[in-house]
Amino acid sequence: MTSLLIKLFIKSPHSTHSPAVRRAYGTLAATVGIILNLLLAVGKFTVGFLFGAISVQADAVNNLSDAGSQIISLITFKIAAKPADRGHPFGHARIEYVSSMIVSFLILLIGWELLSGAVDKLLHPTETIFSWLSVGVLAASVLIKLWLCAFNRRIARIIDSSVMRATAADSLSDAGATATVLVATLVFKFTGFDPDAYMGILVALLILWAGIKILNDTKNSILGEGPSEETVEQIRALITEFESKGVIGLHDLVVHNYGPGRVMASLHIEVDGDADIYASHDMADLIERRLRVECGIEATVHMDPVAIRDPRVVALKELAEAHAQGIDARLRIHDFRIVPGDTHTNLIFDVAAPFELATPDAELRSALADAIHRADERLFAVITVDRE
């Protein structure tokens, strides 16, 4: 069914980097979600009201909130498709993260309201009437929500959308919540025990948990999370291909995510300081082009010339590396150069340290500089610490 819908309503479905195509996918997913959730809300609210089932009514309100969330998604993809302008030079794709957070707040609000209603019924019980119609509506709802989850997950994978991932997670939690209500209805039929209020509380808690999870994931995207291991390895693998053409090392890799389809990066490559500068620059240009074409990353590549044929520089770098490794095996040195003088020599370099290393930057600089100075009193280290 998903493939058929994509074939019918999406032109150029493989051009997912195009804002117009992303908008078409988002519009399709939102429209399907709005229609199905409104139908489910009407059906559940009707049977819940007729037969006094608070948990079924709660599930209906949840579907109504889902339809509202899909409307937000529809508006989101329209805004995200807008081209970059002077006020937003990196485009509008990050609106998806804001919308995901709005959806999470709506889910939390609905969950809290449902929890309050279920607790009220627990304290002030009302009669629930069994109906096979309720069973049919709930069973159909579970199947539809499972399909919506699979549908939204596929769309999310195709266009790398946080909004669609949030919607898929919400659909899955809805399926579980509705299945719980269905079980409660059947328990009431065959045992006479009415767990409606308890199931309403459980449904509300499941909805609250889904909202908290979506909020946490979206919060990380808005604050600025580090690049995925897959992205880093993809970049490193491409740079490795250029080692035979003059790249000596890679460092200071920074990846910025301005929304799906808008990833920018900056990185430094070490090159032989005695090599032809035009050849090195041409290589950097080629790296930028391949990152853009093959990885969808707009990159800026900075060249750091290093002395690889000066035996004194090489020996001093090895000395600094040995002392860095003595402090922590994860430390790496780059951008190494020396400024020799009559009385002393300055070693100027950066040391890359993992965020997990608890040692403060100032303490790390001091420890490494002291170790080098103790090895040779004529050596003074000027160190910059990079966290990665």
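## Salt bridges and a buried glutamate

At 28% relative accessibility, Asp-361 counts as partly exposed; buried means under 20% relative accessible area, exposed over 50%, and partly exposed in between (1.4 Å probe, protein chains only). This is a predicted model, in which local features need pLDDT of at least 70 and side-chain atom pairs count only at pLDDT 80 or more, while totals for chains, interfaces and linings use all residues. Residues are numbered from 1 along each chain as its sequence is written, and side-chain values use heavy atoms, with hydrogens and water left out.

The structure holds eight salt bridges, each defined as a side-chain nitrogen of Lys or Arg within 4 Å of a carboxyl oxygen of Asp or Glu. The table gives three of these pairs, among them that of Asp-361.

| Pair | N to O distance |
|---|---|
| Arg-387 and Asp-361 | 2.9 Å |
| Arg-290 and Glu-241 | 2.9 Å |
| Arg-309 and Asp-274 | 3.9 Å |

Arg-309 and Asp-274 are both exposed. Arg-387, by contrast, is partly exposed, with a relative accessible area of 23%. Glu-241 is likewise partly exposed, at 44% relative accessibility. Salt bridges with shared partners join Glu-241, Arg-290 and Glu-294 into one network.

Glu-270 lies in strand β2 (residues 263-272); strands (E, at least two residues) and helices (H or I, at least four) are DSSP runs, numbered from the N terminus. Glu-270 is buried yet has no salt bridge, and Lys-317, the nearest side chain of opposite charge, is 4.3 Å away. Here Lys and Arg count as positive and Asp and Glu as negative, whereas His and the chain ends are not counted. Beyond residues up to four places away in sequence, Glu-270 touches several others, including Asp-304, Lys-317, His-334 and Asp-335, contact meaning heavy atoms within 4.5 Å.
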